[in-house]
Amino acid sequence: MKNPSHRPASSSMTSASRWLWMPRLSLSPRLRLFCLPYAGGSASIYRGWFDMVPADIDLCPIQLPGREARFAESLIDDPQTLLDELHQAVQPWLDRPFVLLGYSMGGLIAHALARRLQTSGGPTPQRLVVAACSSPDHSTGVDPDQMSDAEFAAYVRTLGGTPEAVFEHAELLELLLPLLKADFRLVRRLRAAAQIPSDTVRRLDCPITALAAHGDAHATPQQVARWADFTQGGAHVTSIPGEHFALWQQPRLLMDAALTSPT
């Protein structure tokens, strides 16, 4: 039996279906939660969240090009191109209050989208939630084009988010490397694009919740704390024990950060 509290997407919303993976729509949602993945990840990493999210929340994982059902589409490593397309795609979904959440690379994309929404004068998020992601001004990050495939694969392996089986099978690694390299180029370019001196452009109006892990060498608590400089709406920064994907192993913590106003 179908859950009467949910409904199919309207015709205006289905135009964004390439970008939104299995969006769960409530009859009368109080909030939409847009989720963006880490580098190499796809929208389905949020699959388990559908069983945890409250019934009056629309969970909307973003599906980036070049993965899963969009595998045949070209990867996008240019921030301007990505934001132009993503901004247009989410427009039909912004008729309700919403929150943007991103993990690692996803945090940078979520921030760039929030800034685009603010500067365009459209609806803006109630909150930006970033996890395991150093502030945009930290550095331009790893350059995959200056590394051999072996060096780049070894670096990605240290992050801990890619199954070990990928590194043990040359065919799998060969398939995944172009996606990972494109995502890391995107990260570098997003960070470069965020180096804007004007506070009126750089600082968001919405609050930011930033989460870090104590032992994360790729996004240290100190680096994550600098997200406070990117909003005039207030910031809440917290950290937990663990390394880069420690927060990912606590999905309820991430969801609570998105759905609960910090005290």
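Biologist: What volume does the largest cavity have?
Modeller: This is a predicted model. One cavity of 30 Å³ or more is counted. The volume of the largest cavity is about 40 Å³.

Biologist: Which element gives the largest share of the lining of the largest pocket?
Modeller: The largest pocket has a volume of about 810 Å³. Of the 43 residues that line it, Y38, A39, G40, L180 and F184 are the closest to its centre. The elements giving two or more residues to this lining are α3 (105-120), α4 (149-159) and α6 (170-193). The largest share, eight residues, comes from α6.

Biologist: How many residues in the lining of the largest pocket are nonpolar, polar and charged?
Modeller: Gly counts as polar, and Tyr, Ala, Leu and Phe count as nonpolar. By class, the lining of the largest pocket has 25 nonpolar, 15 polar and three charged residues.

Biologist: What kind of aromatic pair do Y38 and F245 form?
Modeller: The model has 13 aromatic pairs. In the pair of Y38 and F245, the centres are 4.9 Å apart and the planes are at 85 degrees. Planes over 60 degrees apart count as edge-to-face, so the pair of Y38 and F245 is edge-to-face.

Biologist: How many residues apart are Y38 and F245?
Modeller: Y38 is in the loop between β1 (31-36) and β2 (57-61). F245 is in the loop between β6 (235-240) and α9 (251-259). Both residues are buried, and the pair links parts of the chain 207 residues apart.

Biologist: Why does the pair of Y103 and W248 tie together parts that are apart in sequence?
Modeller: The ring centres of Y103 and W248 are 5.4 Å apart with planes at 75 degrees, so this pair is edge-to-face. Both Y103 and W248 are buried. Y103 lies in strand β3 (residues 98-103) and W248 in the loop between β6 and α9, so the parts tied together are 145 residues apart in sequence.

Biologist: Which residues form one aromatic cluster with Y38 and W248?
Modeller: Y38 pairs with F245, and Y103 pairs with W248. The cluster that holds Y38 and W248 also includes Y46, W49, Y103 and F245.

Terms used
Residues numbered from 1 in each chain as written. Predicted model: local features only at pLDDT ≥ 70, side-chain atom pairs only at ≥ 80, totals over all residues. Heavy atoms only, no water. Phe/Tyr/Trp six-rings, centres within 6.5 Å; stacked < 30°, edge-to-face > 60°. Helix = DSSP H or I, 4+ residues; strand = E, 2+ residues; numbered from the N terminus. Buried < 20%, exposed > 50% of the residue type's maximum accessible area, 1.4 Å probe, protein only. 1 Å grid on protein atoms, 1.4 Å probe; cavity = no way out; pocket = protein on both sides within 12 Å on 5 of 7 lines; lining within 4 Å. Points joined across faces, edges and corners; volume = space filled by probe spheres on them.
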